[in-house]
Amino acid sequence: MLTDITLGQYFPIDSVIHKIDPRAKILFTLFYIILVFLADSYVTYGLVALFSISVVVLSKIKFTVVLKSLKPMLFVIIITAVINVFFTSGTEILWSYKFIKITKTGVVNAVNMALRLIFLVVGSSLLTYTTSPIMLTDGIERLLKPFSKIGLPSHEIAMMMTIALRFIPTLLEETEKIMTAQKSRGADFESGNIIKRAKALIPVLIPLFINSFKRADELATAMECRCYRGGEGRTRLRVLKFGIIDLFSLIIMLVFSILMITFGVLNI
Amino acid sequence: MIEVKNLSYFYEAEEGTPEKVLDNINLKIEDGEFVAVLGHNGSGKSTFAKHLNAILQPTDGYIYIDGVSTSNDEMLWNIRSKVGMVFQNPDNQIVASVVEEDVAFAPENLGVKPEEIRKRVDDALDAVDMTEYKNHSSHMLSGGQKQRVAIAGIIAMKPSIIVMDEPTAMLDPIGRREVMKTIEHLNSKYNITIILITHNMDEAVKAKRVVVIDSGKILIDNTPKNVFKNVDMLHKIGLDVPQVTMLAYKLRENGVNISDDILTVDECTQEIYNYVNKG
């Protein structure tokens with residue numbers, strides 16, 4: 001049950017989007033987020049939609065999966081839209097009842113915000129759908145590398161992420177085991193109010209914590225045995241090369257950015 | 001070659017006198033040997049193992065790996081890449097989520113070139129017969145498979161010696177068999193020196209030489225046949241002998257005159273057969 005949680009939600013499919021260099025993909029996602037905020041007209045929104053849909057199609061990820069990624073955000077999107085509809089003041093009043101007024105600007109703002117949020121979620125979930133956690137940490141490490149000169153521990157951050165990803169399933173399994181063990185001794189995790197249930201988790205968390213420290217100690221020894229001594233002088237199995245797909249995606253990204261910015265400036 | 005000279009080790013106690021764990025150990029292990037180190041819990045066998053690749057350094061005495069002392073801090077990484085170490089719990093040795101990424105960890109640390117890492121990873125996975133799992137997620141594997149991945153992770157360093165600290169203790173019988181097969185394969189085919197720390201007698205029998213440690217001292221150092229003859233002495237320090245050896249021992253006690261160095265079921269059958277035919 002607990003181990004069913006798939007982390008990072010990576011879908012190993014053979015597609016062009018999957019093959020783009022993770023560094024490029026991370027940067028493109030950042031740019032995309034900025035560009036989404038530039039959109040404020042039919043044309044620009046149409047452009048963003050066109051771009052997003054083409055990427056989803058190219059990634060061969062099912063639309064239903066992408067829509068599912070919106071589900072946890074649905075509440076936030078609706079709330080933002082509602083607040084915008086009812087609490088934006090404007091001159092053109094569409095509908096009013098006593099003190100409640102709905103203005104045209106309000107509706108436009110609501111639609112704007114909702115669309116932006118939807119595109120943001122779709123864009124960023126595509127990153128994790130099409131990039132394996134290892135590639136992602138790898139990409140982050142290499143992107144942060146230039147900052148190590150000013151003291152940012154880029155290698156250590158990436159190493160921590162790798163180990164965390166590696167140990168999440170192990171710790172979930174262990175949690176399940178401890179819970180079963182405590183249940184067999186009469187522990188009750190299901191009844192009572194929130195405070196009572198939180199308290200019931202203490203006998204699970206304490207052994208879990210102690211075991212994690214033991215694991216950390218053993219892992220550190222095992223890593224030393226395998227000659228780990230930090231990031232210096234380390235090489236990698238996977239070499240990231242700027243390939244033809246990366247060049248192509250870069251051009252598309254540039255065209256998209258230029259169009260968005262020109263349309264924004266021209267107010268189309 | 002491993003040379004242990006007058007090795008003693010004390011654990012720093014928080015209060016009171018430091019505790020002596022290893023007491024004047026002398027030992028010489030040649031290249032390509034398969035040595036089992038036996039001892040019950042707390043005998044100091046794991047502490048001894050940790051000395052072989054400089055995870056611990058001797059309080060007294062010396063350990064030389066191919067003539068280099070483990071107390072020499074400048075040669076630390078050199079020694080660790082030469083003497084690989086596999087631990088009990090495979091879960092706590094695997095660093096990366098994907099099998100081949102994990103095997104690549106050690107050569108990456110050593111700064112090996114990417115093409116060479118690729119080759120080493122493929123060779124190492126082949127040596128432990130895990131090639132078909134190279135793109136699998138490590139947590140989906142069985143215990144025995146995980147331990148073989150951990151061994152592959154060590155082989156990728158190209159060590160000449162591998163120390164195994166109870167590598168089968170947390171595995172099911174199938175996993176044990178897989179791992180033991182891998183260990184024997186590494187010793188016979190790749191001529192890697194194996195030092196197997198264990199308290200499982202049936203595993204110790206597979207070695208060519210057995211060293212018994214008790215209270216930090218070497219008690220016996222001989223072939224399995226000569227070691228397991230001493231049933232009474234092994235019992236006294238809390239160790240068992242293989243089941244068939246025990247059977248032969250009991251039979252001898254009851255006046256059945258068969259050999260006293262039986263280690264395998266086949267040998268035992270043969271001896272009893274001969275005895276019955278003679279009688």
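Mentor: A salt bridge is a side-chain nitrogen of Lys or Arg within 4 Å of a carboxyl oxygen of Asp or Glu. This is a predicted model, in which local features need pLDDT of at least 70 and side-chain atom pairs count only at pLDDT 80 or more, while totals for chains, interfaces and linings use all residues. Side-chain values use heavy atoms, with hydrogens and water left out.

Between chain B and chain A the count is five salt bridges. A:Arg166 and B:Asp91 meet through their side chains in a salt bridge, at 3.9 Å from N to O. Polar contacts (a pair of N or O atoms within 3.5 Å; within protein, one must be able to donate a hydrogen and the other to accept it, and residues adjacent in sequence count only if both atoms are side-chain atoms) join 14 residue pairs across this interface, both residues being at pLDDT 80 or more.

In terms of contact, meaning heavy atoms within 4.5 Å, 37 residues of chain B meet 28 residues of chain A. The buried area, that is, the accessible area (1.4 Å probe) that two parts lose on being put together, summed over both, is about 3100 Å², and carbon and sulfur atoms give 56% of that. Within chain B, the residues that lose the most area to chain A are B:Trp77, B:Asn92 and B:Asn109, together 22% of what that side buries.

Note on methods
Residues are numbered from 1 along each chain as its sequence is written. Chains are lettered from A and ligands numbered from 1 in the order in which they are written.
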